[in-house]
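Hello,

Here is the structure I promised to hand over. Please look through it, then read my notes below.

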Amino acid sequence: MFILSEFPLPYPTDALTPYISQETIETHHGKHVAGYINNLNNLIENTPYEEMSLVEIIQESAKKTEDKKIFNNAAQIYNHDFFFHGMCPKCTAEIPSEIIKAFGSAENFKKQFKDSAAALFGSGYTWLVRDGDELKIVNTKDADTPIVRNMKPILNLDVWEHAYYLDYKNKRADFIDSFLNDLVDWNFVSENLKN
Ligand code: MN
């Protein structure tokens with residue numbers, strides 16, 4: 001049994017304005033994430049999944065096509081918690097030097113991340129991951145998550161329409177720019193690069 005307060009926002013719901021409105025955060029976390037938690041609780045009731053951690057549920061359900069609904073809801077909880085923790089209000093940290101080294105420049109990293117996020121057709125996420133020794137930008141569809149593909153998540157951007165439609169309507173590119181230029185918590189990114 002999972003509850004929303006186990007996956008709290010690291011800031012108040014109005015903290016990311018004007019880039020992401022209070023209404024979007026309240027709907028995204030308070031309705032969408034709460035819905036995934038409610039669905040997951042119902043799906044795992046009286047199953048072996050009830051005894052597992054969230055990550056264990058994701059890893060196990062990914063192996064079984066008949067447990068796709070369990071995977072989808074569990075992975076969405078993980079992906080959203082990661083996404084919300086990758087942003088901060090009035091962040092001042094600098095982009096880590098390891099990213100500049102890997103992508104040539106901060107501008108080049110942002111361009112590649114933006115191009116990837118803009119090109120994602122339908123719903124999904126754009127991620128910076130560590131894959132072996134390499135830093136890579138990858139897209140995942142729907143609820144899919146790099147942790148079932150042997151990749152370590154460093155940063156992600158939710159590009160499901162519910163993430164931006166109230167604030168940006170069809171202008172996903174503007175949402176991506178706000179994320180990269182005004183919202184990313186580079187301290188969170190640095191911590192994920194360390195371990
Ligand atoms: Mn979302």
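The donors of the manganese ion are spaced H-x51-H-x77-D-x3-H along the chain. H28 is in helix α1 (residues 22–44), while H162 is in the loop between β3 and α6 (165–168), so this pair ties together parts 134 residues apart in sequence. Keep in mind that this is a predicted model.

Four residues coordinate the manganese ion: H28 (NE2), H80 (NE2), D158 (OD) and H162 (NE2). The distances run from 1.9 to 2.1 Å. Is H28 buried or exposed? H28 is buried, with a relative accessible area of 1%.

**The strands**

D158 is one of the manganese donors. Strand β3 covers residues 152–158. That strand is mostly covered, with six of its seven residues buried. β3 pairs with strand β1 (residues 124–131). The pairing is antiparallel and runs over six bridges. Within it, P153 in β3 stands opposite V129.

**The nonpolar core**

The largest nonpolar core holds 63 residues. I99, F109 and F179 have the most contacts inside it. Helix α3 (residues 68–85) gives this core its largest share, nine residues. Domain 1 (21–85) and domain 2 (97–194) each supply at least three residues to the core.

Which residues does F109 touch, leaving aside neighbours within four places in sequence? F109 is in contact with I95, I99, F103, L128, I137, L180 and W186.

Best wishes

Technical notes:
Residues numbered from 1 in each chain as written. Predicted model: local features only at pLDDT ≥ 70, side-chain atom pairs only at ≥ 80, totals over all residues. Heavy atoms only, no water. Core = buried A, V, L, I, M, F, W, Y, C linked by side-chain atoms within 4.5 Å. Buried < 20%, exposed > 50% of the residue type's maximum accessible area, 1.4 Å probe, protein only. Helix = DSSP H or I, 4+ residues; strand = E, 2+ residues; numbered from the N terminus. Domains from an automatic or database assignment. Contact = heavy atoms within 4.5 Å. Pairing = 2+ DSSP bridges. Donors = N, O, S within 2.8 Å, 3.2 Å for Na, K, Ca; no water.
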